[in-house]
Amino acid sequence: MRETTDILISGGGVAGLTAAAAFGAAGFRVVCVDPAPPVIEEADAGADLRTTAFLQPSRRVLEAAGLWTRIAPHGSALRVMRVVDAGGETPEPRIVKDFDAAEIGEEPFGWNFPNWLLRRETVARLAELPNVDFRPGTATRSVLTREGEARVTLSDGAQLSARLLIAADGRASLVREAVGIGVRTMRYGQKALAFAVTHPVPHGNVSTEIHRSGGPFTLVPLPDRGGLPSSAVVWMERGPEALRLAALPVAEFEAALLARSAGLLGPLTLVTRRSVWPIIAQIAERFDAERTALLAEAAHVVPPIGAQGLNMSLADLACLLDLATAAPERLGERAMLSAYNRRRWPEVKARVMGIDLLNRASMLSAQPLRDLRAGMLNALYSMAPVRRTLMKAGLGVR
Ligand SMILES: Cc1cc2nc3c(=O)[nH]c(=O)nc-3n(C[C@H](O)[C@H](O)[C@H](O)COP(=O)(O)OP(=O)(O)OC[C@H]3O[C@@H](n4cnc5c(N)ncnc54)[C@H](O)[C@@H]3O)c2cc1C
């Protein structure tokens, strides 16, 4: 017997769970499936130790989902984005430029949260919504679409028919493949290490991105930990170097951290395990198919620069939610989904290409090119209108 629902969300990562809360709060019947149960404690094996800096525009969709009041007490505001070039002969900071949110408004750029905590709060929120059925431990197995519905078979044998199928099943999306949408992938031979540290110098709500070679080294503010200032770190390097760093004994790793962070926050103490993430950029050929919308990493993947990844995903979600609530009776129809593709694809494409360029610039190892990069940063920063435009573009506001 085939079950019916308004929306089936394939994938319960941060994006899929947030989508389930948002569409649930808007009154739609939602089923969300994921083969893996969400890990909701930092110390548990498999916990996602990345953090997400939600930028200003993401707050609206988190509020609509009933998530903002739950997570707000656990976040750290980001008031200044500091870009440092340490690309000279020695790893000293030779150019330091502060992009200050106060220059473009009263709000901070955004707020930073641990991903495991986002999962914990979102799963708790879903439990409050009787019209949302979250099924951890269940995967999407196969998909068949018709003009009027998407028919999905799950790993437990259940068969569901949905007016809208949302693919939030990550970068290797089964749904995307099943509906025949191709992807373009760019590889960098890079990996990112993600972990948390404490440090003697307070971060002062400043997020710091340090460029030398191999990719950016980014410190993002977290709330104090054990009475000490704390930050999340994303350290991008060429693959073999990242694996070597991940395997170093802690004392040697901390010495490498001090050097790579140019000592800006003092000696950094590692307080979580080190997780390693492959870095690619990827964009699907389109974000819609019959009765199907691609969301988040199923649609696009970017290197973690400027906190764009999940923020683009929440912009996808906001767009889809606006279209769905404007005409709920037309949910999943061709016109709604092609409007979604039209509004999101060009915007996402431009961001993917921009981040690709920034990442390649940050990876440079030849000294003259690193000097050129430093000169560009100086030039762009010193023109106030350009600086303000860059800040607004980074946030996704005009
Ligand atoms: C080091 C690092 C730091 C980052 N920092 C930031 C940041 O500060 N700000 C920001 O905006 N973004 C950031 N990002 C990007 C952000 O983390 C990702 O965009 C986000 O976590 C991806 O979420 P997702 O839900 O799309 O994918 P995933 O987290 O990959 O979730 C996909 C889910 O689909 C499930 N799935 C797979 N197959 C199936 C199936 N057949 N059926 C059902 N479910 C399935 C998986 O089990 C998984 O739970 C960062 C990324 C990295 C690597």
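## A hairpin to start with

Two strands pair if DSSP finds at least two bridges between them. Here, helices (H or I, at least four residues) and strands (E, at least two) are DSSP runs, numbered from the N terminus. Which two strands form a hairpin with four residues between them? They are β9 and β10. Strand β9 covers residues 140-145 and strand β10 covers residues 150-154, and the two pair in the antiparallel sense over five bridges. To see one of these pairings, find L144, whose bridge partner in β10 is R151.

Keep in mind that this is a predicted model: local features need pLDDT of at least 70, side-chain atom pairs count only at pLDDT 80 or more, and totals for chains, interfaces and linings use all residues.

Now look for an open sheet of three strands. Going across this sheet, the order is β3-β7-β4, and the pairing is antiparallel. Strands β3 and β4 (76-78) are the edge strands, since each pairs on one side only. On average, neighbouring strands of the sheet are turned by 30° against each other, with direction ignored.

Strand β7 spans residues 110-114 and is joined to β4 by three bridges, with the two strands running antiparallel. Within this part of the model, S76 stands opposite N112 in β7. Helix α4 (residues 115-127) packs on the sheet and touches β3 and β7 (contact means heavy atoms within 4.5 Å). The direction of α4 makes about 85° with that of β7.

## Around the ligand

Some polar contacts (N or O atoms within 3.5 Å) can be followed atom by atom. An oxygen atom of the ligand lies 2.6 Å from a polar backbone atom of L310, and an oxygen atom of the ligand is 3.2 Å from a polar backbone atom of A53. A nitrogen atom of the ligand is 3.5 Å from an N or O atom in the side chain of S10. Taken alone, the ligand exposes 1000 Å² (Shrake-Rupley method, 1.4 Å probe), and the protein buries 86% of that.

## Two alanines in loops

Two more places deserve a look. A262 is not a glycine, yet A262 has a positive phi of about 55°. A262 is found in the loop between α7 (250-260) and β16 (269-270).

A296 has a positive phi too, of about 60°, although A296 is not a glycine. Where is A296 found? Look in the loop between β19 (292-294) and β20 (300-301).

Technical notes
Residues numbered from 1 in each chain as written. Heavy atoms only, no water. Polar contact = N/O pair within 3.5 Å; in protein donor to acceptor, adjacent residues only side chain to side chain. Axes fitted to C-alpha atoms, helices over the stretch in contact; angles between N-to-C directions.
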